[in-house]
Number of protein chains: 2
Amino acid sequence: MKLAVIGLGLIGGSMAKDLRRTKFATEIIGVDSHPNNAKIALEVGIVDRIELLENAVKEADIVLLAIPVDKIAQVLPTILSQVSASTTVIDVGSTKREITEAVKDHPMRGNYVASHPMSGTENSGPTAALEHLFENKICIICDHQNSRPQHLALAEKMFQALGMPIAYMSSDEQDHTTAFISHLPHATSFALANTVQAIEDRNIIFDLASGGFQSAVRLAKSSPQMWGPIFWQNRDYIYEALESYIHHLEEFKKSLKNNDHEKLIALIENANNIRGILGGENSSLTKKEETIIKFYTK
Amino acid sequence: MKLAVIGLGLIGGSMAKDLRRTKFATEIIGVDSHPNNAKIALEVGIVDRIELLENAVKEADIVLLAIPVDKIAQVLPTILSQVSASTTVIDVGSTKREITEAVKDHPMRGNYVASHPMSGTENSGPTAALEHLFENKICIICDHQNSRPQHLALAEKMFQALGMPIAYMSSDEQDHTTAFISHLPHATSFALANTVQAIEDRNIIFDLASGGFQSAVRLAKSSPQMWGPIFWQNRDYIYEALESYIHHLEEFKKSLKNNDHEKLIALIENANNIRGILGGENSSLTKKEETIIKFYTK
């Protein structure tokens, strides 16, 4: 299986590592618009060789698009025009409506599988690539009825090789859900980092930052090249999520302002219910291992 | 050294474990108003025996108060009235103004050292107690000029036995700083948990929760018994922190509403600066190991 990975950063690099380790890919061709990323990926053995985009897509069995979501929307129509009928094209962007909209009338739409493997870290670039990053994490496949069965099957096989259970939903449903579960937590961390930096001198933050603060602010280290376009493409749903979030913060403010101790406790107790939903740090992984979950589109 | 630990939960239990391991304490007496906690702590060897509060404080060299901050403010005056002149009383609550105010005119005020060791987890109870929980984390000592030198010295020695660098500040400064660095991140996580639970069905949260969401929402599992009173005692500064935080969230909303892409990128880039302040996951620990940091009160 010849795999072309377009974008040799955290996500593309991590996938390449695991797809080689599991022998799903026998040859990996790398493409990156940043020559330095390409050079590093080659040096550390993430890819076997570097090619120009147009050459890579012509010879690959799978073209994996792991670049920022604005770039995916730009380049996907061109790639679909260049590939052969037997090539499967998969993107792994965090948003789906704008990307699928860009190719909805493309004659090769059936070769494309719209995906969102839900994993990552706050780091970027090929040196941030990790093995096992996707294991037991969910991969969302969107609008699967618009992919031809062979291409859908190969994409599913690839994500299963990475150890990922697969969920199916519409692009709209994925963008809405992801706005709350993934994009909002990034916004809450970005805003927390900005709040603390606005009021405290840097030394106090550095010295007093406990594990709790580090945990809540971790996602604030995520790159603007990746997250700017995600916020942009999903801005209506992220705006909705932010409005809802601010409402819930206002509830805390209100309980403090009104000296309403009972209300404060009730708000914390309700938040605590997330423990039962998420389980312990590892229990959710164990449960996920047991099953491939299928949600069908609304 | 005979140590009485009042409150055998996560914090008291973890301190007892390390103070025994490092041989700082040769005998540990436990006090807990919940008989079941006391029983567990005795069974797992966190304490050598269980006593009633009034007996424990009479024979201990150090009385360590590790109970919710409302309970500390209630019980501290009584304890100071019961101890001998040679006994050191230390509390480890997350707020300091209300607690120090409760004993400011007490004739034994000098025996008391107001402290806030900045570490913890989202779990509670004696079974959550961990060794090394405090290592390389900061301990704040407040209003140290109000503690007699011998009691201050012994408290410092105890926190150093736990591996903690010590910072000195006023109760007011600690409550303000901690509102932003510790209490606000709890509020942001509580509100995130409440937001997501309000809109999504439980299965979707469970299935789609990635590492990023888990990280941002971790603190939402923290107990209302501990955090309700902290929010209560520090409500003015937490209110201020929440207002500032909501302002920074509104900046994100505004950039989305006004199609201001440059502004959005600038907000993310500013948040990214937290990376330089906090360093990598371990670098801050290494730096902290090198030095005992002293801030003097304003």
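Mentor: Let's start with a term: a crossing is right-handed if the near helix is turned clockwise from the far one by less than a right angle, and left-handed if anticlockwise. In this predicted model, α7(A) passes α11(B) in a right-handed crossing.

Trainee: Which residues make that contact of α7(A) and α11(B)?

Mentor: On α7(A) they are A:Ala187, A:Thr188, A:Phe190, A:Ala191, A:Leu192, A:Asn194, A:Thr195 and A:Ala198. From α11(B) come B:Ala241, B:Ser244, B:Tyr245, B:His248, B:Leu249 and B:Phe252. Sorted by type, the residues of this contact are 9 nonpolar, 5 polar and no charged.

Trainee: Why are α7(A) and α11(B) called oblique to each other?

Mentor: Their axes come within 9 Å and cross at roughly 125°. Parallel needs an angle under 35 degrees, antiparallel one over 145, and perpendicular one from 65 to 115. The pair is therefore oblique.

Trainee: Which residues meet between α7(B) and α11(B)?

Mentor: B:Asp172, B:Asp175, B:His176, B:Ala179, B:Phe180, B:His183, B:Leu184, B:Ala187 and B:Thr188 of α7(B) meet B:Tyr237, B:Ile238, B:Glu240, B:Ala241, B:Leu242, B:Ser244 and B:Tyr245 of α11(B). That contact divides into 9 nonpolar, 4 polar and 3 charged residues.

Trainee: Roughly parallel or roughly antiparallel: what is α11(A) to α12(A), and why?

Mentor: Helix α11 (residues 235-257) and helix α12 (residues 261-278) of chain A cross at roughly 150°, and their axes come within 8 Å. An angle over 145 degrees counts as roughly antiparallel, so α11(A) is roughly antiparallel to α12(A). The crossing of α11(A) and α12(A) is left-handed. It is A:Glu251, A:Phe252, A:Ser255 and A:Leu256 of α11(A) that touch A:Lys263, A:Leu264, A:Leu267 and A:Ile268 of α12(A). By type, there are 5 nonpolar, 1 polar and 2 charged residues in that contact.

Trainee: How do you know that A:Glu243 and B:Lys253 meet in a salt bridge?

Mentor: Good one! The rule asks for a Lys or Arg side-chain nitrogen within 4 Å of a carboxyl oxygen of Asp or Glu. For A:Glu243 and B:Lys253 the N to O distance is 3.6 Å, so the pair passes the cut-off of 4 Å. Across the interface of chain A and chain B, the rule finds 2 salt bridges.

Trainee: How many residues of chain A and chain B are in contact, and what area do the chains bury?

Mentor: In chain A, 92 residues are in contact with 92 residues of chain B. The two chains bury about 9200 Å² between them, 69% of it on carbon and sulfur atoms.

Technical notes
Residues numbered from 1 in each chain as written. Chains lettered and ligands numbered in written order. Predicted model: local features only at pLDDT ≥ 70, side-chain atom pairs only at ≥ 80, totals over all residues. Heavy atoms only, no water. Axes fitted to C-alpha atoms, helices over the stretch in contact; angles between N-to-C directions. Helix = DSSP H or I, 4+ residues; strand = E, 2+ residues; numbered from the N terminus. Contact = heavy atoms within 4.5 Å. Nonpolar A, V, L, I, M, F, W, Y, C, P; charged D, E, K, R; others polar. Buried area = accessible area lost by both parts, 1.4 Å probe.
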